[in-house]
Structure formats: C-alpha cells, structure tokens
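Please look over the sequence and the structure shown here before reading on. The report that follows takes up a few local features, one heading at a time.

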Amino acid sequence: PVEDTEEVNLKAILLTLGKAKLSGFVSATAVAGYVLAGGLNPGIALAIGVGTQLQSMSACTANQVWEVKYDKMMKRTAKRPLVAGHCTRTQASSASVIEMALGSGLLAALSPAAAALGA
C-alpha cells in the first residue's frame, strides 16, 4: 500500500492501484504458457509479459475506481490510493485507459487475438 506521507510517489500510487504483484503472477502465467507451447524467442516472451502486466494492472485499477465507495467502508481497503485521497477517480481512470492501450498495443503487435483476449 501507499505509505501515509505528505509526498506520495506517483510510481507507488500506480503500482498500488494496479496491484503490481498480483498482476505479476498473471503476467508470469502468460509467459509460462508461451514457453510451454514451444515459444523460444525472449523478445516475444518479454512483450507478452509486459503487455499482460499492463492489461492486468489496467483491470485492477478500473476495479478500484468502481469499488471506491465500498473500499471506504472496509478497514482492509481504507488505505488504497483513491480512498486515501492520493489520486482522483479521473486520474485513476486515465491511468487505467493508458495501461490498457499500451498493453493491448504491445500484444496486438504480436497477435491481435492475444490483445483481444486481454482487453
């Protein structure tokens, strides 16, 4: 979670909104699927990993935008960036759109079907 300090780091907010660790597991699963299917190109594996990470972070960020009203009610989620006022819903929504556009664009360069599945 984002620390309670006067100066909040944008990187920390984006990583928290996008649940970077959880999204990392999603990304690792996508890369593992590529490798298990016989994929050997490290550049493609990296693009799959980064594209999937961005799409997953976009979904997590969007979920927090939609759920902010409920997150305010629970102690467990009370320190999330939107609830704590570290960013606005508009800022978080913008981050989500940018993450989805970048992730989908990267995956579409490899396979439009892969991009569509994540979007």
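Cys-87 counts as buried because its relative accessibility is 11%, where buried means under 20% relative accessible area, exposed means over 50%, and partly exposed lies in between, using a 1.4 Å probe and protein chains only. Cys-60 also counts as buried, at 13% relative accessibility.

A search of the whole structure finds zero disulfides, a disulfide being a pair of cysteine sulfur atoms within 2.5 Å. Cys-60 is in no disulfide, and the nearest cysteine sulfur, that of Cys-87, is 14 Å away.

## How the model is read

This is a predicted model, in which local features need pLDDT of at least 70 and side-chain atom pairs count only at pLDDT 80 or more, while totals for chains, interfaces and linings use all residues. Residues are numbered from 1 along each chain as its sequence is written, and side-chain values use heavy atoms, with hydrogens and water left out.

At the start of H3, a side-chain oxygen of Asn-41 comes to within 2.7 Å of the backbone nitrogen of Gly-43.

Met-73 lies in the loop between H3 and helix H4 (81–84), and with 61% relative accessibility Met-73 counts as exposed. Met-73 and Val-83 are 10 residues apart in sequence, and their C-alpha atoms are 9.5 Å apart in space.

## One salt bridge

Side chains of opposite charge can pair when their charged atoms come close. The structure holds one salt bridge, meaning a side-chain nitrogen of Lys or Arg within 4 Å of a carboxyl oxygen of Asp or Glu. Arg-80 forms a salt bridge with Asp-71, with the closest N and O atoms 3.2 Å apart, and both Arg-80 and Asp-71 are buried.

## A residue of helix H5

Leu-106 is found in helix H5, which covers residues 89–110. Its relative accessibility is 30%, and therefore Leu-106 counts as partly exposed.

Methods: Helix = DSSP H or I, 4+ residues; strand = E, 2+ residues; numbered from the N terminus. Polar contact = N/O pair within 3.5 Å; in protein donor to acceptor, adjacent residues only side chain to side chain.
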